[in-house]
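Dear colleague,

I am handing over the structure we spoke about, with the sequence alongside. Please look it over first, and then read on for what was found in it.

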Amino acid sequence: MPTQSPALDTDTIHEAYLAGLAEGRLSLQVCVCGHRWLPPRASCAECLASKWTWEPAQGSGRLKSWVVYHVAFHESFRERVPYNVAIVELDEGPRLITNILADSAALRAEAKVRFVPSRQGEHTLARFELVA
Amino acid sequence: MATDRSLRGRYVIAGIGATAFGKLGRDTLTLHAEAASKALADAGVGKDVVDAVFVKTPTSSKEFMYGQRVAEALGIAPRWGGAWDQGGAANITLIAFAIMAIEAGQCEVALISYADNPRSGNRGFYEKARGHDAAYGWFAAMGGYGMIQRRHMIEHGTPLAAFGAVAMAARRHGADNPNAQLRKPLSWDDYSASAFLVDPIRRDDACLLSDGGAAVVVMSAKRARQLRVPSPVPILGFGEGQTTCDLPLRASLTTTEAVRSGRTAFEMAGVSPRDVSVAQLYDCFTITVLMTLEDYGFCEKGRVADFVADGALEIGGRLPFNTSGGLLSETGTPGMQLIHEGVRQLRGTANLQVPGADVCLVSNQGGIMHTHATLILGSD
């Protein structure tokens, strides 16, 4: 039996975010005060209200930083090392933790990247590919 | 609001005490008892004078009322006490809390004690998945520090030599320390051939994982005179700073809370980086030391490679740092050992003594640079 991936947070907000990804849509939250954010959270950290809506992201952004894991801290990653984990800044502003679907040696700071819905087990994750 | 400079030198570290460091297989309460007993003996006072007991929450087990359990194990019924969770910045922070509580007349003599056993016990905290991003393989403190290190290299072109200089200095000093957990010096060839764990972080950039206990006794300088404490070391200043838990939410990955924390502490102490004769800097990873030096103002942002070149951080260099080996070599325990070494340097009793040391800067740092605490110790 394959090893299970680490569990995802499954509070109401994350479920909605993941449901969007499952339909191939990357969403971010936008508050009536104008603040936009990811990762998902229930209230706005700027105005402290909860009057926000989901907004589709353009899906384009830039690579700000990355690491390449040569050790697996969880069984399910044992056969994946070396693999990258990156911080991408969306054109709209929010940044997220992700993987770049490319050889890690090809990664460059500020490289343009594009959202790719990526199936992993029962979920769809927000991964990115390099834009040529 | 201006920092209260009137506290400068009015409080002291009266005593220090520690257990051995390494893989001990002992429970935290007995480690507390040994460290506290030694610290009280060093201060020349009995536990009957202690009316505050502050401890850091252990990472190897989270228990309710842990601070009260420790006080009970020490046979002390304090007025003030408890466990504080701020990661590796907790020990300096608890010294600051103790000073503020004593200043307010709430207590008189505080024991700040640390003990944990992640080496022989549960190390899950250090390797845990990072929140909702675990599915992407985002694990461990090392992943976070690697992300910061990469960004520093991107923005400032920080060369491998700078990271190596930190590791080599700490390891040289630890090799000379009979109590250090890792006494193997590190050459440039060793360092540059060191394997990547989470690229750009190499094995020799990462601190040790250790069991151990360490304590300090804090009181006013006046109380220390009344109690005939033999070798009190004055606290000149302290300061704090904190930022986001989620790394991507930070406006800048290459600026640390050493900026705000250091500014407050330097202002209280009335000193500047050029007055510092020896530094004990939190070295969980080599990048932490480099960014802390920049953010304390020892050099311009992005110029730290020049600052640490030519053995500047080694004994005999411009700014000897972690003279007992730090987290990279003495023990991976979070920060109290750095305070202890600061005290020894100012007493003139350090193993690698910096001649004439009169101002020692100590940093503690928690999480993935979430929290930062600064302590400045003096000699008069």
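Which residue in E5(B) is the bridge partner of Val68(A)? Before the reply, please keep in mind that this is a predicted model. The bridge partner of Val68(A) is Asp199(B), and this bridge belongs to a pairing that joins E4(A) to strand E5 (residues 196-199) of chain B in the antiparallel sense, over 2 bridges.

The contact between the chains

Chain A and chain B bury about 2800 Å² between them, and 64% of that area is on carbon and sulfur atoms. In chain A, the residues that lose the most area to chain B are Phe73(A), Arg95(A) and Ile97(A), which together account for 23% of what that side buries. The contact draws 33 residues from chain A and 28 residues from chain B.

Between the two chains there are 14 residue pairs in polar contact, counting pairs in which both residues have pLDDT 80 or more. On the side of chain A that touches chain B, the elements that give two or more residues are strand E4 (60-69), strand E5 (83-90), strand E6 (95-98) and strand E8 (123-130) of chain A. Of these, E4(A) gives the most, with 6 residues, and the residues of that side of chain A divide into 20 nonpolar, 7 polar and 6 charged.

The structure holds 22 salt bridges over all chains, and the count between chain A and chain B is 1. That pair runs from Glu110(A), in the loop between E6 and strand E7 (112-120) of chain A, to Arg151(B), in helix H5 (residues 140-156) of chain B. The closest N and O atoms of Glu110(A) and Arg151(B) are 2.9 Å apart.

The sheet in chain B

Chain B holds an open sheet of 9 strands with mixed pairing, in the order E3-E2-E4-E7-E1-E8-E11-E10-E9. Its edge strands, each of which pairs on one side only, are strand E3 (80-84) and strand E9 (278-280) of chain B, and the twist averages 25° from one strand to the next. Within this sheet, strand E4 (residues 109-116) and strand E7 (residues 212-220) of chain B pair in the antiparallel sense over 8 bridges, with Ser113(B) standing opposite Ala215(B) in E7(B).

Helix H3 (residues 90-103) of chain B packs on the sheet, where the strands it touches include E4 and E7 of chain B, and the direction of this helix makes about 165° with that of E4(B). Helix H10 (residues 286-296) of chain B packs on the sheet as well, touching E10 and E11 of chain B, and the direction of H10 makes about 125° with that of E10(B).

Backbone details in chain A

A cis peptide bond joins Val81(A) and Pro82(A), with omega about -10°, and Pro82(A) has its place in the loop between E4 and E5 of chain A. Leu48(A), a residue other than glycine, has a positive phi, near 70°, and lies in the loop between strand E2 (36-37) and strand E3 (52-56) of chain A.

With best wishes

Note on methods:
Residues numbered from 1 in each chain as written. Chains lettered and ligands numbered in written order. Predicted model: local features only at pLDDT ≥ 70, side-chain atom pairs only at ≥ 80, totals over all residues. Heavy atoms only, no water. Pairing = 2+ DSSP bridges. Helix = DSSP H or I, 4+ residues; strand = E, 2+ residues; numbered from the N terminus. Axes fitted to C-alpha atoms, helices over the stretch in contact; angles between N-to-C directions. Contact = heavy atoms within 4.5 Å. Buried area = accessible area lost by both parts, 1.4 Å probe. Salt bridge = Lys/Arg side-chain N within 4 Å of Asp/Glu carboxyl O. Polar contact = N/O pair within 3.5 Å; in protein donor to acceptor, adjacent residues only side chain to side chain. Nonpolar A, V, L, I, M, F, W, Y, C, P; charged D, E, K, R; others polar.
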